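Welcome! Please open the model in your viewer, and let's walk through it one selection at a time.

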Amino acid sequence: TLRKPISQSSMADWASKNLNMHTQGIFRRRISISNMLSWNGGSIKKPMLITSNRTIKKEACELFKLVQSYMGDRQTRMDRNHVALVTVTKCWSMQGLRDELYIQLIRQTTDNMCYRSLAWGWELMAISLAFFSPSPKFQSYLEGYIYRHLDSDENIAQRIKELVDLKNKKISKSRKKRKQNTEDEGLPISTYAKYCYRKLQKVAVTGGKKGLRKPTVEEITHARNAIITPSLFGSSLEEIMLRQQDMYPGNKLPWVQTQLSQQVLALGGEQTEGIFRIPGDIDEVNALKLQVDQWRIPSSLSDPNIPASLLKLWYRELEEPVIPQQFYKECISNYENPDAAVAVVQLLPELNRLVLCYLIHFLQIFAQPSNVGRTKMDVNNLAMVMAPNCLRCQSDDPRVIFENTRKEMSFLRMLIVHLDTSFIKGLV
């Protein structure tokens, strides 16, 4: 969970301590904080944030040009996908550039008179949040900025009008050009802000894209599409079922759950040593995730650890865990009582109950003695690797977390051993 967004006065205080104040004119007068954080049509000669790293100092100025190019404020020969790829790759590779990018995006989406440019700036922020998070010290600043735009569409339209009118009074010949720039292009800003807010909450916990492979154009496209079409990962069970209604109207279970589970078995996962414990290659897991989000399972898979790792990720990233939060206390209170543990399952909402029963039925296959001999994953090991993906402790106290982890494992073990899931056979 994130802290409550800091106030604007706190942000001004933060900016005064962290902004690398720029100067202008022959007398090198310092630019005010408000101007430093307002849209700029020119280039910058030094980073927005204070840094002593020479590489960051140089790259920050190039980064600003890329931001302007993506937003349509600077001409470039590259298409916008490639601009986004170069931008994201720079920041993904150099951690010191990440906060710099986010502060540049805050600047270029503040008092921006061109709606299309404004929308594309927010779009680039949404794409960036799919790959990396801001630093912990900058997180509250970015969250506060996004938070103020969750319901700001009318205010933004009014602000653009005011800025255009002010500009037109000063430069009458630019009236026609500025009027064209205010035409709505793209989604409402609140749509981007709501997406960014949710994405920031997740990336602050997960840390963004992992692995050795650099970002790809496919991942950039996927990150942009996710703004409008939510991913199968990180959504709620209800949203996932709603999305698959057109393609699989008769399915009672999430397609992603059944397909990945079947892939693990099809590739001999129940006979693979360390299944669910040994992670699949992270880059291959990322590649499979992209395919699954497009409702495709590639035929080239050979390692059962790849779909097994992605399946665990899908359970772990659900917006609300398979066992909803309101049942958590009941679960850890009945971690030694088989009948009470099974009774909790019957209380769950129908969709959650089916999804959990499918998972338990799946794990019961691996818990069979004939398979345990090969996988070295007995019922205790299976419960240990899967419990964190089904139950989420809300406490911040390390002692509570440690104590509850043991109870969560024991509760899941009770279900694997005692829950009758025979009805789930053949259900999709």
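## Stop 1: two domains

The C-alpha centres of domain 1 and domain 2 lie 37 Å apart. To colour them, select 6-167 + 187-226 for domain 1 and 235-424 for domain 2; these bounds come from an automatic or database domain assignment. Where they meet, eleven residues of domain 1 are in contact (heavy atoms within 4.5 Å) with ten residues of domain 2.

Before moving on, note that this is a predicted model, where local features need pLDDT of at least 70 and side-chain atom pairs count only at pLDDT 80 or more, while totals for chains, interfaces and linings use all residues. Residues are numbered from 1 along each chain as its sequence is written, and side-chain values use heavy atoms, leaving out hydrogens and water.

## Stop 2: Arg98

Now select Arg98, in helix 5 (residues 98-108); helices here are DSSP runs of H or I with at least four residues, numbered from the N terminus. What does the side chain of Arg98 reach? It reaches the backbone oxygen of Cys91, at 2.9 Å. Show Cys91, Trp92, Phe132 and Ser133 too: Arg98 touches them, leaving aside residues up to four places away in sequence.

## Stop 3: helix 21

Next, select residues 398-418, which form helix 21. At its start, a side-chain oxygen of Asp397 comes to within 2.9 Å of the backbone nitrogen of Arg399. Buried residues (under 20% relative accessible area, 1.4 Å probe, protein chains only) in helix 21 include Asn404, Phe411 and Leu415.

Conventions:
Helices (H or I, at least four residues) and strands (E, at least two) are DSSP runs, numbered from the N terminus. A polar contact is a pair of N or O atoms within 3.5 Å; within protein, one must be able to donate a hydrogen and the other to accept it, and residues adjacent in sequence count only if both atoms are side-chain atoms. The expected span of a helix is 1.5 Å times one less than its number of residues. Buried means under 20% relative accessible area, exposed over 50%, partly exposed in between (1.4 Å probe, protein chains only).
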